[in-house]
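Me: Can you walk me through this model? I'd like to go interface by interface.

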Amino acid sequence: MQKYSYSIITVGEQTVNVVFPNQINIKENLYIQHLNQLILARNDPGILASIPGYHTLTISFDIRIYDYNKIFKLIKNILEKKSFQIQSFHKRILEIPVCYDETLGPDIQDVAAFGKLSVKELIKIHTQVEYFVYMIGFLPGFAYMGTVPSQIAMPRLDRPRTKIPAGSVGIAGAQTGMYPVESPGGWRLIGQTPLKLYDAKHPKIRYQSGDFIRFKAITINEFKAIQDRDSSGEYQIKISEVGE
Amino acid sequence: MRGIEVVASGLATTIQDIGRIKYQSAGFPSSGAIDHQAHCLANALVNNEENAATIEYCLMGPTLKFTMQTFIALTGGTVQPQLNSHIVPMNQAVPVHSGDVLKIGNLKHGRFGYLAVAGGGIQVPEVLGSKSTTLRIELGGFKGRTLEEGDLLPTCDVYTMPSLASRKVSVETNNTTQIRFVKGPQWNLFSEQAQHKFMVQTYHISNQADRMGYRLRGKAIEVSQSNMLSEGTVLGNVQITRDGSPIVLLADRQTTGGYPVIATVIAADLGKLIQFSNQMAFNFVLTDIETAVKELKQQIKKIQDLRKLWQQKRYMEPIGPARKAALKIGKLF
């Protein structure tokens, strides 16, 4: 497997960034996810948090337990071990139902026009791709996913909306994502998922960075039915696992 | 239920601990007390562990009625708290009894204050390993929201406090106007001129200042307009936004960000910055990681030493029934 060059830089007295080549690349990001998993698997009380970015892993540690030399060494040891590789490329794909009705995705006509497509064709293209979750940020469960086919990769709105309903699915250039809670935002909205992606009472996020997500088009009637089942805890996200 | 009844809510009053640190990779802001140091000191004063939940308030403290017996301590921004209309000191463990009313009042200096309650703090349920409140997503704390009149906060009865008489500290008023920082991950994306400007000019905290971050007022800093890939954020990161103004990222910050980070305020100086008023003029001064680590360790040690001292004194100065009676008698007049 390919090895990626990296550097470790200090961000503050309790944090380092492991920085990989500056690009959006699934293989490189999987490499970062793998490093993250290995660090988390240590269950090390000295590691406080680690946040994967597109091409970085931000690691915070307890200075009562770790100093810089120790943390540098720890990361270096993991990355430079011969056995460090993404063992048998394993893929977890989650199916997220999305209703592309115009009442739920107010920008769908614009995005279709951008790609010189009918709405039907746009939906077909958006649901064909397995989107990779590079990172989660902005809000709990806000997944930064790519890569949107260039045909429908419309840039974000010039003027962000002040209010976007929870569950909205949008496009911002090559990225696609879902708004887990109502918030302001500038992504082009093409649909909405009936799933409650964030629930303050059960605040568990059902996907993580490194997963793949495929959208499944549903009708407005199915939308309501799934919403009911999901809110009573009966809806299970379809997950398929592919190993090589 | 026994505990603390909220008589008047104060401003932006929430339950906080040291934060929901482990779930940042899923996009959960860490939250926690915005003035970590003041929160930890308050807990140490009442013999709580540092992660016990305290009450945090902003500019105006709440008025609270106790329906149980315990010990409290107030730290952070300067207030003139009154217990049953008698002024009680800050930065000191104070016994309270059922029926007592504590009026914390307005902050004379600083922005955020803390009330710690002995017996493990405010007993709200842990959510994702923390009792901290994140208002934006209605998570944790007391029903995910700010405290309101009539709320009843569960706490535990505490009857004794080891070495109560010596549980006080004098917190030096810090007159420094220098905030130290280490170079941020994108320091080199800025021109030498921009770096220089960041270090020599005087900044003020703007009106856009909350638990998420403080936007600063100052002359704009030249910043590259090219897009940066988002990466994880850290407490104290100083982002430079498109218009050239800095934002210091604080407790409720987004877990990832796409603006270049020119600097990170050292943890030991963050409490100072957080408490500055809008009128306070200050500068950023470059320091190195070694100094930042040394300073933070010193801060941690200070509180550890106090804890040790109070533990050792435990059997030398017990609080006797006479003192308790005296307090009760005092209340009759």
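Me: How many salt bridges does the rule find across the interface of domain 1 of chain A and domain 2 of chain A?

Reply: Zero salt bridges there. A salt bridge here is a side-chain nitrogen of Lys or Arg within 4 Å of a carboxyl oxygen of Asp or Glu. The model is predicted, so to speak of local features takes pLDDT of at least 70, side-chain atom pairs count only at pLDDT 80 or more, and totals for chains, interfaces and linings use all residues. Residues are numbered from 1 along each chain as its sequence is written, chains are lettered from A and ligands numbered from 1 in the order in which they are written, and side-chain values use heavy atoms, with hydrogens and water left out.

Me: Where are those two domains of chain A?

Reply: Domain 1 is 7-80 and domain 2 is 90-243 in chain A. The bounds come from an automatic or database domain assignment. Their C-alpha centres lie 29 Å apart.

Me: What area is buried between them?

Reply: About 850 Å², with carbon and sulfur atoms giving 62%. Buried area is the accessible area (1.4 Å probe) that two parts lose on being put together, summed over both. On the domain 1 side, Ile26(A), Gln33(A) and Tyr54(A) supply 56% of the buried area, more than any other three residues.

Me: And how many residue pairs in polar contact?

Reply: Four, both residues at pLDDT 80 or more. A polar contact is a pair of N or O atoms within 3.5 Å; within protein, one must be able to donate a hydrogen and the other to accept it, and residues adjacent in sequence count only if both atoms are side-chain atoms. Helix 1 (residues 26-41) of chain A gives the largest share of the domain 1 side, five residues. Helices (H or I, at least four residues) and strands (E, at least two) are DSSP runs, numbered from the N terminus.

Me: Switching to chain B. Which residues make up its domains?

Reply: Domain 1 of chain B is 3-172 + 302-332, and domain 2 is 178-287. Their C-alpha centres are 30 Å apart. They bury about 1400 Å² between them, 45% of it on carbon and sulfur atoms. Ile34(B), Arg111(B) and Arg136(B) lose the most area on the domain 1 side, together 45% of what that side buries.

Me: How many salt bridges between those two?

Reply: One. Glu56(B) and Arg211(B) meet through their side chains in a salt bridge, 2.9 Å from N to O. Strand 10 (109-117) of chain B is among the strands supplying at least two residues of the domain 1 side, and the largest share, three residues, comes from strand 10.

Me: Now between the chains. How many residues does the contact take from chain A and chain B?

Reply: 38 residues from chain A and 38 residues from chain B. Contact means heavy atoms within 4.5 Å. The buried area is about 3000 Å², and carbon and sulfur atoms give 64% of it. In chain A, Glu13(A), Ile51(A) and Ile63(A) lose the most area to chain B, together 20% of what that side buries.

Me: Which side chains meet in a salt bridge there?

Reply: Arg64(A) and Glu50(B), at 3.6 Å, N to O. The count between the chains is one salt bridge. The rule also finds eight residue pairs in polar contact across that interface (both at pLDDT 80 or more). Strand 3 of chain A gives the most to the chain A side, with six residues.
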